[in-house]
Amino acid sequence: MGDKIIKKGQLPNVLKALKKTFEVFVPVREDGFYRLKPLKDGEKVDLRFTNTRLSPKSFVLPQSERMFEFTLDEKSKDAHIVKEAPKGYPPKVVFGIRPCDAKALRLVHVNFDNPEFRDPWWIKRLESVTLLGLGCNEPCSTCFCTSVNCGPFNKEGLDVLLYDLGECLLARTLTEKGEKLLQVGGVDKDADSGLKKKADELKTRAEKKIGSHVPTDKLGKKNVNDLFDAPFWDDVAFACINCGACTFLCPTCWCFDIQDEVTKRQGDRIRNWDSCMFPLFTLHASGHNPRAQKVQRVRQRFMHKLKYYVDKYKNGVACVGCGRCVNHCPVNIDIREVFRLMNDSEDSKQQ
Amino acid sequence: MGHSDKISEIAKKILEEKTVDVVIGFRKGTLPMMREPVLIKDAERTDQLYWDSFCFINLASYLPKREEKIGIIAKGCDSRNIAVHIVENQIKREQLYIIGVPCEGMVDRGKIISLLDGKEVREITESDGDLTVRGDGFEHTLKKGDYLQDNCIRCMHRNPVIYDALAGDLVEERKDPDPYDDVKALEAMGSEERWEFFSNLIKGCTRCYACRNACPLCYCPACFVDESDPQWVGKSIDPTDTMTFHILRAYHCAGRCTDCGACEQACPVDIKVRFFTRKLNKDVLDLYDCEAGLSTEERPPLDTYRPDDYDEFIR
């Protein structure tokens, strides 16, 4: 495994070669913002994007996924038997995924693949996707990745990390999957030490450009009940309209709801993204709702990311500092402020 | 004195004199083009209150179910939604002290972002109808009027319709815009073309419900899309279910929508959801000669029964 070089002019040929083996997704600007879309024949890849509006989590956790199917037709011998819905896992390449979004998949992975639970679809999808990441030469002012164990050239979760050196891309191979990908793409020219040095400088320069910083050092040590009862939640939550924009754009929000949908006598069991912002999220069959108030739901979102996850997995915070929620919350609830409030809150005197 | 200072001054006074228990307004946000709705209880904290052309959220959304006496900042459309809430018994007029802000339109941050083509706004200031946008290595002066929200371009009710104090001089209402030029283009389409138009419009919808939740009209304790027994609409991103959500939501707003544009501004994937409500607003105007929220006396046309109705089928 090493560093290879792709001349910018060769990139279309590399992607064309990849398309023979993989479904290739690239950032495409459409209706004013970027999405990851299948690469069309002859399409020129646009490397000017900052990040895609939606996170790429749907490659591994689709917004709506048919898990099982069943029939309610009593005449069928399979009536009421729930069977796994047919699924395919075609090999895919996500070109241009940002390092923060790749790291996010690793953070979520511990929820779907751990000694207690193994989600077969998450695991198979993650295996089928090769992540060809692109480092961020020009991070946004709302990015705070370097504060949360991530960074504009963070490698975690990626198979290959690309450094945009202007004339060419330096491809740093990180996994065997990545190595195979570069072989398929016909990328075989080794990078010389000068270019390697340039790539490392690019990383240092980008890290220095990160303008937002949040404190996280005390979150793990805080008493969970102190944070739960902290006085600032009412003020944080007031503006919230309880929409799911933050959770649906977030690369680390993984919660889902399972629904049965029946048309005539044929049914599907579907897993849909859900949001802790929605009152229905915690509504019990009894009618009781433990999080009936908006402030409880807002607190849950931040406590989950910045405290419960931290305590449970000892894996840092469940946030990669991508800034999507900061930029797209319609009422300007800013997680960077909540980091400060939670991390710097006063400890209870009783302890 | 600018609007922000005047708002702070009035808010301080009504809190000190205990005319109200709380004031709902905006504070300066953490991003150059974002403002955060805020609830102020303490007169000493009224200096947080802020007003400019990025206060696009409709504060009337924060009123239903509140029981205390409330001071609330209201531009033209917010005041009309407050009137709708009063008519629909969501809040009592006596509970409110309305600080009206005559409005010359809110700026669509999306339009500014598109203009800059990937470059980031680090600072934006406004004066005398001009916006000065600054970023890394650039500075542009823009005419505010060229970057207004689509609803503000067509707004015919810029002054608050009900208020207890004003934070600025009343502005002249415009007579010139055709408020429904966009809807006329929709009406001119054939039904198949129109269906395609709306299907395309919502193809990126994530069902996050930001449009619904930013809307002051959507105060139902349980929305039809959230009901699970019976389940009216599927919860996946199946195009039929997504379309059902948008169409039904729009119909629930018929005759009640003030075209404040909060739905559109809240959408995280830039869907022009107002196309759904605008046609219905025009129908209500054409059929009943009614625009929502202009009076606290008149009930919305679609929940009005009159024994002397001119249509026979309902008498």
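Since the model is predicted, local features need pLDDT of at least 70 and side-chain atom pairs count only at pLDDT 80 or more, while totals for chains, interfaces and linings use all residues. Residues are numbered from 1 along each chain as its sequence is written, and chains are lettered from A, with ligands numbered from 1, in the order in which they are written.

**Chain B overall**

- Chain B carries 10 helices and 8 strands; these are DSSP runs numbered from the N terminus, with helices being H or I of at least four residues and strands being E of at least two.
- Its radius of gyration comes to 20 Å, close to the 20 Å from the globule rule for 315 residues, so chain B is as compact as a globular protein of that length. (The radius is taken over C-alpha atoms, and the rule is 2.2 Å times the number of residues to the power 0.38.)
- Along the principal axes, the C-alpha atoms of chain B fill a box of roughly 55 × 50 × 45 Å.
- Of the 315 residues in chain B, 41% are buried. Buried here requires 20 or more other C-beta atoms within 10 Å of a residue's own, exposed is 12 or fewer, and partly exposed is in between, with C-beta atoms placed from the backbone.
- Take the contacts in chain B between residues at least 6 apart in sequence: 67% of them join residues at least 24 apart. A contact is a pair of residues whose C-beta atoms, placed from the backbone, lie within 7 Å.

**Domains of chain B**

- Chain B splits into domain 1 (3-108 + 148-302) and domain 2 (109-147), with bounds from an automatic or database domain assignment.
- The C-alpha centres of domain 1 of chain B and domain 2 of chain B are 25 Å apart.
- Where they meet, domain 1 of chain B puts in 9 residues and domain 2 of chain B puts in 13.
- The domain 1 side of that contact in chain B has 5 nonpolar, 1 polar and 3 charged residues. For these classes, Ala, Val, Leu, Ile, Met, Phe, Trp, Tyr, Cys and Pro are nonpolar, Asp, Glu, Lys and Arg are charged, and the others, Gly among them, are polar.

**Helix H8 of chain B**

- The buried set in H8(B) is Thr242(B), Phe245(B), His246(B), Arg249(B) and Ala250(B).
- Looking down the axis of H8(B), these buried residues fall within an arc of 120°, so they line one face of the helix. The arc is that of the directions from the helix axis to the C-beta atoms.
- An α-helix has 3.6 residues a turn, so residues three or four places apart point the same way.
- The packing partners of the buried residues of H8(B) are helix H7 (210-214) and helix H10 (274-288) of chain B.

**Where chain B meets chain A**

- Chain B brings 32 residues to the contact and chain A brings 31.
- On the chain B side, the elements giving two or more residues are strand S2 (35-40), helix H3 (109-116), H7 and helix H9 (262-266) of chain B.
- S2(B) has the largest share of that side, with 5 residues.
- By class, the side of chain B that touches chain A holds 14 nonpolar, 11 polar and 7 charged residues.

**Domains of chain A**

- Chain A divides into domain 1 (3-209) and domain 2 (224-343), and their C-alpha centres lie 25 Å apart.
- In the contact between them, 35 residues of domain 1 of chain A meet 29 residues of domain 2 of chain A.
- Strand S4 (64-71) and helix H2 (99-112) of chain A each supply at least two residues of the domain 1 side.
- That domain 1 side in chain A divides into 19 nonpolar, 9 polar and 7 charged residues.

**Single residues worth a look**

- Gly151(A) sits in the loop between strand S7 (129-134) and strand S8 (160-164) of chain A, and counts as buried because it has 24 C-beta neighbours inside 10 Å.
- Leaving out residues up to four places away in sequence, Gly151(A) touches Pro99(A), Cys145(A), Thr146(A) and Glu207(A).
- Lys314(A) is not a glycine, yet has a positive phi of about 50°; Lys314(A) lies in the loop between helix H9 (294-313) and helix H10 (324-328) of chain A.
- Lys18(B), also not a glycine, has a positive phi of about 60° and is exposed, with 9 C-beta neighbours inside 10 Å.

Key: Two residues are in contact if their C-beta atoms, placed from the backbone, lie within 7 Å.
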